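The structure is shown first, and the points follow by topic.

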Amino acid sequence: CMKCHPKIYEAWRITSHARMTRSLAEVDDLQNLKDQDFEWPISKIRYVLGSHYVYRFVAEASGSLVVLPKIWDRYTKTWLNIRDYGWTRRYWIYQCAGCHTTGFSAETNTFVETGIGCEACHGPALNHARTGVKEFVRNPAKFPKDRQEQICMSCHTSGIDNSGKYHFPVGYLPGDDLALYYSGLTPKPGQDETNFIGDESME
């Protein structure tokens, strides 16, 4: 995307979306932490989540990826007093990966890139990149208003996919009807009746 859209890329690169999921080595203010700080071997930490207020950490555990219990405050550069006591059941692939990465595949439980990249809102764009043909990429600006909002809702509301296995809408692409992929929508922390429609409608 950067080759043809350098200004858009540079604007995106400094957003929280771009920095949502990174390796530990990419986060400068965590470089002095040790195994005992995480209560987990640093060699097992695969991703740092977040860029606004706190960092959470995804690590290998018994063949799975889990979200560790400790939470790092970005501003005070200290650990929060609270811990996630449900962390041993917080399987990152099934509960988080679809919204913290781009191009997630439920068939392989893999993804195209970490963070929320261009294709998260524009859909797969390989043919567009190869040819430059505009019709080969989805343009949210041309969607009806409700379908534009559903792009954001697909990650900014809690729910369950149709298989009942994933906590994000597997198979959904920007412009599709989100209700065909995702149900049980509920507000996430910080959302209320002023910024979330709690009747599970998409309107």
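The structure holds zero disulfides, a disulfide being a pair of cysteine sulfur atoms within 2.5 Å. This is a predicted model, in which local features need pLDDT of at least 70 and side-chain atom pairs count only at pLDDT 80 or more, while totals for chains, interfaces and linings use all residues. Residues are numbered from 1 along each chain as its sequence is written, and side-chain values use heavy atoms, with hydrogens and water left out.

- Cys121 takes part in no disulfide, and the nearest cysteine sulfur, that of Cys152, is 6.6 Å away.
- Cys121 counts as partly exposed at 32% relative accessibility, whereas Cys99, at 14%, counts as buried (buried is under 20% relative accessible area, exposed over 50%, partly exposed in between; 1.4 Å probe, protein chains only).

**Aromatic pairs**
- A search of the whole structure finds 14 aromatic pairs (ring centres of Phe, Tyr and Trp, the last by its six-membered ring, within 6.5 Å; planes under 30 degrees apart are stacked, over 60 edge-to-face, the rest tilted).
- Trp92 and Phe111 form an edge-to-face pair, because their ring planes stand at 85°, with the centres 6.0 Å apart.
- Trp92 is buried at 0% relative accessible area, while Phe111 is partly exposed at 23%.
- One aromatic cluster is formed by Phe38, Phe57, Trp72 and Trp79.

**Charges over rings**
- The charged end of Lys70 sits over the ring of Trp79, 4.4 Å from its centre (NZ of Lys or CZ of Arg within 6 Å of the ring centre and within 35 degrees of the ring normal).
- The charged end of Arg74 sits over the ring of Tyr75, 5.5 Å from its centre.
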